[in-house]
Amino acid sequence: KRKTILSPTSSGKSLIIYVIAMFCLYKGWVKKPLIIAPTINLVMQMKSDFIEYGCKADMIHTIHYGQEKITSAPITVSTWQSIADYTPDYFNQYDMFIGDEAHGFEAKSLVSICTRHTKCKYKFGFTGTLKNGKTHRLIIEGLFGDQYQTITTKEMIDQGYASKLKINIIVLNYPHQYKKLRDYHEELDFLLNSEPRQKFIKHLATSVKGSTLVLFQFVKKHGVELFNKISEIDPTHTHFVYGGVPGEDRETIRKIIESSVVDEKVVASTGTFSTGVNIKRLKNAIFANPTNKSKVRTLQSIGRTLRLHAEKDVAILYDIVDNLTYKGNLNYSLKHLEERIKMYDNE
């Protein structure tokens, strides 16, 4: 009745969640499952997936900004932000709790939701990746139970259930006059505002074959400018996704890319598109953010391209790193690359 389930991208995580919820409903073991997802687009996508699997639309109620919190539908799928302030009385109407992308449940508000759910028979946490730290693992297992690994990404690739992956690490070397000792924030600001760097990413994103995901971290500092430059080439087939885009619009963009017959470009924040989003046609991913050593964000981002699709035989990651080494001192972008290479080797 408790388990933390490690199930990587393209291993059928939403189908496993659906089967568990429906099986227990039909057996009469539970009456109302509650499924928590971190973002609006994942809530919308999960409802869409459940309907595709055979569930009737009126059996599922979704809760996100502005939606009714009370429902008679047996299955509720909600963002955690929408119900974070509710009392134990609200949560105790649900006798099954499933946390999607459970690696995020170490946050105080999510721990609070789980611990307020005092009368819940079944609790399952699903994620593709857990952080390396022991404290993180113990928090997640304390909420959901011990770990079970369904399969690894490497096993899925070897067995033909996920796309083969090629990683291209692109080192951008800067002229000597730009090299000097900078602290982390100074280096980040310099790179985010580098016009030649922005132009390079624009040319890369618009020249590679196949639909492409360009991932950034900072919307105003970086994402807006990236989108403006890339969309100059083909505005019709270039999309922009960040936290301010409504969930319905994100789902529409996802479906456009999935059903398109031309190469689409999506410039997206890591917070909205690094985790869970299912677009099988994505062939390329470009890491546009200058610094990143997060295991979860890195591996989840790669996962966006690993789903099988008839149009691709291999997924390609373009990992962009900036060489500003000064007098033998590695800059932060290069240091973070070393951490990512360890992840790639380990996986």
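How many helices and strands does the protein chain have? The chain has 14 helices and 13 strands, taken as DSSP runs of H or I with at least four residues for helices and of E with at least two for strands. This is a predicted model, in which local features need pLDDT of at least 70 and side-chain atom pairs count only at pLDDT 80 or more, while totals for chains, interfaces and linings use all residues. Residues are numbered from 1 along each chain as its sequence is written, and side-chain values use heavy atoms, with hydrogens and water left out.

The C-alpha trace spans about 70 × 45 × 40 Å along its principal axes. Of the 347 residues, 54% count as buried, meaning under 20% relative accessible area with a 1.4 Å probe, protein chains only. Contacts are heavy atoms within 4.5 Å; among those between residues at least 6 apart in sequence, 76% join residues at least 24 apart.

Next, the space inside. There is one cavity of 30 Å³ or more, a cavity being a set of points on a 1 Å grid over the protein atoms alone where a 1.4 Å probe fits but cannot get out. The largest cavity holds about 90 Å³, the volume being the space filled by probe spheres set on the points. Its lining residues, which have an atom within 4 Å of a point, include Leu-215, Phe-287, Arg-297 and Arg-340.

Finally, the cysteines. The whole structure has zero disulfides, a disulfide being a pair of cysteine sulfur atoms within 2.5 Å. The sulfur of Cys-24 is 11 Å from the closest cysteine sulfur, in Cys-120, too far for a bond. Cys-24 is buried at 6% relative accessible area, and Cys-120 is buried at 7%.

Terms used
1 Å grid on protein atoms, 1.4 Å probe; cavity = no way out; pocket = protein on both sides within 12 Å on 5 of 7 lines; lining within 4 Å. Buried < 20%, exposed > 50% of the residue type's maximum accessible area, 1.4 Å probe, protein only.
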